[in-house]
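Please take a moment with the sequence and the structure shown here before reading on. The paragraphs that follow lead through a few of its parts in turn.

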Amino acid sequence: MALRHAVLAALLDGEYSGYQLAKAFDVGVANFWHALPQQLYAELAKLEKDGLVEGRQVIQESRPNKRLFRVTDAGRAELEEFAAAPSKPSFIRDDLLVKVQSADRVATAAVIEQLEERAAAAAAKIELLTGLLRRMRGDVEETEFLVRGERIGAYLTGLRGLAFEREHRDWCLRIAAVLKERESARAGR
């Protein structure tokens, strides 16, 4: 998947400025695709040049003018083609896992600290995603929303992000506890 597809998918909900797109990525898309704001602006320019989005200038009196972007028919066709193509298997590439793998041969205090920091960050994302999902479905129970909700794509990716963050938090806490216990056992020898 290229950033272009993530941007096109995010723009399906309507017109966004680059700033609004960056905010949308921070809240919803970031749980499965990370992009810096400058990458998003550059991608919007490429997509517009390729005719997959179109931008329009909005004149604002008390603020700088802004450009709003929306997906074109060609952009929707690109997304249709992308959705039909086979997906590659996902993989993990994480420097913290390399550090944990090295735990038998390196001092683990810093690794334990990083595991605990990651667990705290995951807990914060769990809280954020839980609130976001609640707002998306409103007063409707989740099972009802999943069957009858008007648009559920962002909700479904939010569920995946929530499951990932919960598992990641639990794993980090477990491994930090294991490493602490091993340090204690070594010190008690």
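**A walk through the helices and a loop**

Histidine 5 has its place in helix H1, where helices (H or I, at least four residues) and strands (E, at least two) are DSSP runs numbered from the N terminus. This is a predicted model, in which local features need pLDDT of at least 70 and side-chain atom pairs count only at pLDDT 80 or more, while totals for chains, interfaces and linings use all residues. Residues are numbered from 1 along each chain as its sequence is written, and side-chain values use heavy atoms, with hydrogens and water left out.

With a relative accessibility of 10%, histidine 5 counts as buried, a word that means under 20% relative accessible area, with exposed meaning over 50% and partly exposed in between (1.4 Å probe, protein chains only). Its side chain makes a polar contact with the side chain of glutamate 78 at 3.0 Å; such a contact is a pair of N or O atoms within 3.5 Å, and within protein one must be able to donate a hydrogen and the other to accept it, while residues adjacent in sequence count only if both atoms are side-chain atoms. Leaving out residues up to four places away in sequence, histidine 5 touches Glu78, Leu79 and Phe82, contact meaning heavy atoms within 4.5 Å.

Helix H1 (residues 3-10) also packs with helix H3 (residues 37-49), at an angle of about 85° and with the axes 10 Å apart; axes are lines fitted to C-alpha atoms, for helices over the stretch in contact, and angles run from 0 to 180 degrees between N-to-C directions. On the H1 side, Leu3, Arg4, Val7 and Leu8 meet Gln39, Leu40, Glu43, Leu44 and Leu47 of H3. Proline 37, also found in helix H3, counts as partly exposed at 41% relative accessibility.

Threonine 72 lies in the loop between strand E2 (66-71) and helix H4 (73-84), and at 10% relative accessibility it counts as buried. The side chain of threonine 72 reaches the backbone oxygen of glycine 51 at 2.7 Å, and, apart from neighbours within four places in sequence, threonine 72 is in contact with Gly51, Leu52, Val53 and Glu54.

After H6 comes glycine 138, whose phi is positive, near 65°.
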